[in-house]
Amino acid sequence: MTTDTPAPSETAPEPGMIKADLLAGLFFILLGLAIFYGAWTMDRLEVRRIHPMTVPGLVPGMLAIALTLCGTILSFRSLRTPASGGWQQLSGAVLSSAAARAATVMLLALIYTLGLVGTLPFWAATGLFVFAFIMVFECWLSEPRKPWLKSLLWASGLAVATATVVTLVFERAFLVRLP
């Protein structure tokens, strides 16, 4: 007689992932506390007779509390789960190609938000970001790598289309003033 329950090895998380959960949980706790501090210290706009339920820091503060709570749950769960050899497995995962791709995404996003937006017009910053993202991930980080000229044409067309659509949607539909 067979059972449909999976073997224990199929359901148990890897020790490296348990340690990754611990580090991620601690990161989310710190990030949530920092966001909550920023939300708490925002101007309340009492001088303008703003209702307390519509103050600028209310939603970010509630989201920060939720983020801190989720980080705490993740950290406690990983602390309660046995993970022998987890730190060694975590170091192998951090140095993997998937981790390099994730770090590249974060680097490109930081360059876009902290360097390009505000320095260039929004449409140009967005187009440049989309172009660079496609070129990096198709010509440099993909296996097998795509032909350079084909990717250049595809990235250029998609960058122009994305920059145009995103800019028009934010300016016309959402009435947001873009930098």
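## Before you start

Because the model is predicted, local features are given only where pLDDT is at least 70 and side-chain atom pairs only at pLDDT 80 or more, while totals for chains, interfaces and linings use all residues. Residues are numbered from 1 along each chain as its sequence is written, and side-chain values rest on heavy atoms, with hydrogens and water left out.

Helices here are DSSP runs (H or I, at least four residues), numbered from the N terminus.

## How H5 and H6 pack

Two packed helices are described by the angle between their axes and the distance between those axes. Each axis is a line fitted to C-alpha atoms over the stretch in contact, and angles run from 0 to 180 degrees between N-to-C directions. Helix H5 (residues 97-116) and helix H6 (residues 122-139) pack at about 165 degrees, with axes 10 Å apart. H5 is therefore roughly antiparallel to H6 (a word used for angles over 145 degrees). The crossing of H5 past H6 is right-handed, meaning that the near helix is turned clockwise from the far one by less than a right angle.

Which residues of H5 and H6 make the contact? From H5 come Arg101, Thr104, Val105, Leu108, Ala109, Tyr112 and Leu116, and from H6 come Phe122, Ala125, Thr126, Leu128, Phe129, Phe133, Val136 and Phe137. Contact here means heavy atoms within 4.5 Å. By class, twelve of these residues are nonpolar, two are polar and one is charged. In this scheme Ala, Val, Leu, Ile, Met, Phe, Trp, Tyr, Cys and Pro are nonpolar, Asp, Glu, Lys and Arg are charged, and the others, Gly among them, are polar.

## How H2 and H4 pack

H2 meets helix H4 (residues 86-94) at an angle of about 80 degrees, with the axes 7 Å apart. That makes H2 roughly perpendicular to H4 (angles of 65 to 115 degrees). On the H2 side, the contact uses Pro15, Gly16, Lys19, Ala20, Leu22 and Leu23, and on the H4 side Gly86, Trp87, Gln89 and Leu90. These residues divide into six nonpolar, three polar and one charged.

## Aromatic pairs

The structure holds six aromatic pairs. Rings of Phe, Tyr and Trp (its six-membered ring) pair if their centres lie within 6.5 Å; planes under 30 degrees apart count as stacked, over 60 as edge-to-face and the rest as tilted. Why is the pair of Phe36 and Trp40 stacked? Their ring centres are 6.0 Å apart and their planes are at 25 degrees, so the pair falls in the stacked class. Both residues lie in helix H2 (residues 15-40), four residues apart, about one turn of the helix. Phe36 is partly exposed at 31% relative accessible area, and Trp40 is exposed at 56%. For these words, buried means under 20% relative accessible area, exposed over 50%, and partly exposed in between (1.4 Å probe, protein chains only).

Phe170 and Phe174 have ring centres 5.6 Å apart and planes at 65 degrees, so this pair is edge-to-face. Phe170 is partly exposed at 33%, while Phe174 is exposed at 54%. Ring pairs also link Tyr112, Phe129, Phe133 and Phe137 into a cluster, and these four residues take part in the contact of H5 with H6.

## Residues to look up

Is Ser75 buried or exposed? Ser75, in helix H3 (residues 58-80), is buried at 5% relative accessibility. Not counting residues up to four places away in sequence, Ser75 touches Leu22, Gly25, Leu26 and Ile29. Thr167, in helix H7 (residues 148-173), is also buried, at 10%. With neighbours within four places in sequence set aside, Thr167 contacts Phe122, Trp123 and Leu178. Ile35 of H2 is partly exposed at 34%; leaving aside neighbours within four places in sequence, Ile35 contacts Pro60, Ala64 and Leu67.

A cis peptide bond, with omega about -5 degrees, joins Glu143 and Pro144, and Pro144 sits in the loop between H6 and H7. Leu175 is not a glycine, yet has a positive phi of about 55 degrees. Leu175 lies in the segment after H7 and is exposed, at 70% relative accessibility.

Note on methods: Helices (H or I, at least four residues) and strands (E, at least two) are DSSP runs, numbered from the N terminus. Angles under 35 degrees count as roughly parallel, over 145 as roughly antiparallel, 65 to 115 as roughly perpendicular and the rest as oblique.
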